[in-house]
Amino acid sequence: MLTSTIIYLAAAVICVPLAKALRLGSVLGYLAAGCIIGPFGLRVVSDPAATLHFAEIGVVLMLFVIGLELELGHLWRLRRAVFGGGLVQLVVCAVPLGLGALALGLPWQAALVAGLALALSSTAVSMQVMGEKNLLPTPVGRSAFALLLFQDIAAIPLLALVPFLGSEATAGVSWAALARVFGTVLLVVLIGRFLTRPVLRLIARTGQREVFSAFTLLLVLGIAELMAGAGISMALGAFLAGVLLAGSEYRHALETDIEPFRGLLMGLFFIAVGMSVDFGLLAREPVNMAVIVLGFQLFKGLSLGAVAWAIGVSRQQRWLLSALLAQGGEFAFVVFGVARSARLLPGDWDARLTLAVALSMALTPVLLILYERWFERCAPTNERQPDEIVDASAQVIIAGFGRFGQIVGRLLFASGIKATVLDHDPDRIESLRKFGFEVHYGDATRLDLLRAAGAERARLLVLAIDDPDTSMQLVEAVQEHFPKLAIVARARDVSHWQRLRSRGLRVVERETFESAMLIGRKALEVLGVRPYEARERADLFRTHNVQTLESMLSRWENEAERTNLARSAREQLEQQMRQDRADVERHTGRGWSAQEEDARAPATAK
Amino acid sequence: MSDASVVLIFAHPYPDRSIASRKLLEAVEDVEGVAVRSLYDLYPTFDIDVPAEQAALRAAQVVVLQHPMYWYSVPSLLKHWFDKVLIRGFAYGPTGKALWGKRCQWVVTTGGDEQAFEPQGMHNRPFSDFVPVVEQTARFCGMHWEDPLVVYGAHRLPEPELARAAGKYRDRLMTLAGQRPTPAREPGGPAPSSASVTTATGRYRPGRAPVRS
């Protein structure tokens, strides 16, 4: 046990950086490591199937993390992309692949299963690759994710279908099994919704970090096992659990805890895939395998190109989607396993197809490199864009790049200051990259994201998030983990301003205040007040207004006072307005009269 | 009638509440070829449009600076205008000849009367002691320095005296603009051609805020 662990770790540590240095990506590195240590390489580790099974937990954890990022509302907005696009993809890819299998001499039942199984792509490979290339937030990344999500769902009926088609038709889907599926999903929903949070709170209160980690793993693996018991994909179960916890306050902690396990196990998963490549079979039937793999990739690649067109992926990126999803998935391994036990696949076909899938996974990074080469040549204008991003050691991080953050960012950009942008709108991110911004997709309150954005080195965080609660979360995270990072903050309203100020922030501005002041000045000007005087009145008003806010701050920090203040908000407004009036009149009425002006400046004439 | 165009840089933060400055300005703003630029109306936040100011200066042959005296000097926006507009490459330096040979007329109003500007007066020094800074600014830019027009005790000047000062100002400007000094318009007399009255943005119009484009 310990020796094999050491072998896996050593293989990964040697191969992955090497592959990265050669710009091949980590997936290819892991696969190569697997090939080297596997039964057809150095034979230091045997039983790839067991390793693969264990390492699937990595995929489970990955989907849990993905689920954590997707709240139910967001998922609901994806419904068309998932079910519409997903169904199109499955059908469009499965038909030519099935026909191809038929042409290779497989009986129709086997060809049907092979076509459907090969139409599924590898969530593990494509998500890993997309993560590395920062493609997840792009439109093509979103489309790919939606298709993968549908495939995970579609795998369930597919697995149920296989025994039906087998020559030894065992009992298919019984009502009991169906009831068990729904019962399990319901149970998971109930656990995720109602049980987890109180337990997490309880554990968090003990302050035992490792117990929290243990519970997180227990939760994910438990749910995965529960789902597997009901015949549902473990990954799908974990995804569901993730979605249910997406809105919880422990989301970030859960994510931080899962992250290292996920990374390691995903690596192990790829190593196991590398190990399971049957080089013996490859050596025996090189031509056969070449035909199968190339035919598989060609048919699926072209079909995916068509799917990309059908679901509206931009022309430049159609073949990117195709390259991302052309490989066979880990589900195919399971399906072929079941098909073999159902005597559905004749002879060596399950081994051949399994090998084809493994090889296709290894081909994915190669396809992407080819795509990039080709794309670079076709679109030379985009050539330099990656370089600019890589060396970005931005001093400024802008969190939130909506209507507000954009103005700040553009001002900085115009002044030649490079900023790293955190935002969760993929479309905006796309166009920003073109201008050499380093952009990170996702929730700015995530620690890993902040770290990735260079929060440790940056001098300044421009907090331009519109949602006050998210904004406060970010402030808390930054103050705890990056105390040196200065913050300039946008406040939504007075109460948000108070909250930010009471966290010790010095530079906080209300988002509407200055523009409203400007409109007020323009209004005065239209009414005949000279521009300079209108400006002075506005300045005076601002000074007074800020003073009032500052004086309220200490009272606001006292909670009892706060409720008191809230209750009399209207009264406050009225009092404030009376005060405003008195203040401005004191200074602009007779205040600016010639006498006073003369007393102030003896050499002055009116 | 040869005309030299005149740019009148007017710097008063509160023209509506001024007494003398407004009267003086009203006396000259309809002189043919005069373009008034009221700095506090144009740039209430001090964000001076430097190219626009420089273009106005280039177009003129006479530069008039009219303002109340603040602390023995120009109001802060006019000083800022000096700093931003009269820059190297435009107003001085090897290639800065834009103002070369133009005439500069300083028109200044002060609260103190003439006695205040005597060795025993409130300000301890003659008024001529306070001239050099503005004068040298103009001369450094290569402009001809005209005799300054100083209106003392401006805010309590009796109406006839103020009118006389205004008339003097008008005559001076018409001379500088290359026009014969003419008496102020009489009802029924020929009005100055309104076509030649410059209507640059920010041109001073009593009682109305100028619209900035």
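Q: In which helix of chain B does Y40(B) lie?
A: In this predicted model, Y40(B) is part of helix 2 of chain B, residues 39-42.

Q: Why is Y40(B) called buried?
A: Y40(B) has 24 C-beta neighbours inside 10 Å. The label asks for 20 or more, so Y40(B) counts as buried.

Q: Which residues is Y40(B) in contact with, leaving aside its neighbours within four places in sequence?
A: In chain B they are A11(B), H12(B), P13(B) and L77(B). From chain A come R530(A) and Y532(A). A contact here requires C-beta atoms within 7 Å.

Q: What separates the C-alpha atoms of Y40(B) and P15(B)?
A: A distance of 9.0 Å lies between these C-alpha atoms, while Y40(B) and P15(B) are 25 residues apart along the chain.

Q: What makes strand 4 of chain B largely enclosed by the rest of the structure?
A: Strand 4 covers residues 103-109 of chain B, and six of its seven residues are buried, so the strand is largely enclosed. For chain B as a whole, 40% of the 213 residues count as buried.

Q: How do you know that strand 3 and strand 4 of chain B pair?
A: Pairing takes at least two bridges. Strand 3 (residues 62-68) and strand 4 of chain B have seven bridges, so they pair, and the sense is parallel. In one of the bridges, V64(B) is partnered by Q105(B) of strand 4.

Q: How many helices and strands does chain B have, and what pattern do they follow?
A: Chain B has six helices and six strands. Along the sequence they run β-α-β-α-α-β-α-β-α-β-β-α.

Q: What share of the contacts in chain B with a separation of 6 or more is between residues 24 or more positions apart?
A: The share is 79%.

Q: Why are helix 8 and helix 16 of chain A called roughly parallel?
A: Helix 8 (residues 139-165) and helix 16 (residues 330-341) of chain A pack at an angle of about 15°, and their axes are 9 Å apart. Angles under 35 degrees count as roughly parallel, so this pair of helices in chain A takes that label. Their crossing is right-handed.

Q: What makes the contact of helix 8 with helix 16 of chain A nonpolar by class?
A: Helix 8 of chain A contributes A155(A), L158(A), L159(A) and V162(A). Helix 16 of chain A contributes F331(A), V334(A), V335(A), V338(A) and A339(A). Ala, Val, Leu and Phe are among the types counted as nonpolar, so the contact has nine nonpolar residues, with no polar and no charged ones.

Conventions. Residues are numbered from 1 along each chain as its sequence is written. Chains are lettered from A and ligands numbered from 1 in the order in which they are written. This is a predicted model: local features need pLDDT of at least 70, side-chain atom pairs count only at pLDDT 80 or more; totals for chains, interfaces and linings use all residues. Axes are lines fitted to C-alpha atoms, for helices over the stretch in contact, and angles run from 0 to 180 degrees between N-to-C directions. Helices (H or I, at least four residues) and strands (E, at least two) are DSSP runs, numbered from the N terminus. Angles under 35 degrees count as roughly parallel, over 145 as roughly antiparallel, 65 to 115 as roughly perpendicular and the rest as oblique. A crossing is left-handed if the near helix is turned anticlockwise from the far one by less than a right angle, and right-handed if clockwise. Two residues are in contact if their C-beta atoms, placed from the backbone, lie within 7 Å. A residue is buried if 20 or more other C-beta atoms lie within 10 Å of its own, exposed if 12 or fewer, and partly exposed in between; C-beta atoms are placed from the backbone.
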